[in-house]
Amino acid sequence: MFIGAILVCATMQNAASCEVKLNTSTLYNTQQECVDDMMQVTKYVVESLKLKARPYCFPIGATSV
């Protein structure tokens with residue numbers, strides 16, 4: 001299982017403007033499912049909200065050891 005997150009920043013010059021947003025409503029069966037969904041979310045954040053963002057997917061559960 002995988003959980004998705006994006007790093008969202010208002011500006012690249014100030015790390016204090018960054019936040020990590022976890023997608024706690026969806027757990028993904030495969031890393032590719034996670035990557036595909038988080039890329040869509042990141043695209044929305046960048047294009048619509050005009051923020052800087054980068055997606056991440058992390059393994060959780062028994063497979064994360």
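Strand E1, residues 2-9, is mostly tucked away: seven of its eight residues are buried, where buried means under 20% relative accessible area, exposed means over 50%, and partly exposed falls in between (1.4 Å probe, protein chains only). Strands here are DSSP runs of E with at least two residues, helices are runs of H or I with at least four, and both are numbered from the N terminus. This is a predicted model, in which local features need pLDDT of at least 70 and side-chain atom pairs count only at pLDDT 80 or more, while totals for chains, interfaces and linings use all residues. Residues are numbered from 1 along each chain as its sequence is written, and side-chain values use heavy atoms, with hydrogens and water left out.

With E2 (residues 18-28), E1 runs antiparallel and is joined by eight bridges. With E3 (residues 52-59), the pairing is again antiparallel, over eight bridges. Cysteine 9 shows up in both pairings: its bridge partner in E2 is cysteine 18, and its bridge partner in E3 is lysine 52.

The C-alpha atoms fill a box of roughly 35 × 20 × 15 Å along the principal axes. Of the 65 residues, 22% count as buried. Contact means heavy atoms within 4.5 Å, and among contacts with a separation of 6 or more, 57% come from residues 24 or more positions apart.

Threonine 42 sits in helix H1, residues 31-48, and is buried, with a relative accessible area of 8%. Leaving aside residues up to four places away in sequence, threonine 42 touches Ile6, Ala53, Arg54 and Pro55.

Asparagine 23 belongs to strand E2 and counts as buried because its relative accessibility is 14%. Its side chain makes a polar contact of 2.9 Å with that of serine 25 and another of 2.8 Å with that of tyrosine 28. A polar contact is a pair of N or O atoms within 3.5 Å; within protein, one must be able to donate a hydrogen and the other to accept it, and residues adjacent in sequence count only if both atoms are side-chain atoms. Not counting residues up to four places away in sequence, asparagine 23 touches Ile3, Gly4, Tyr28, Asp37 and Met38.

Terms used
Two strands pair if DSSP finds at least two bridges between them.
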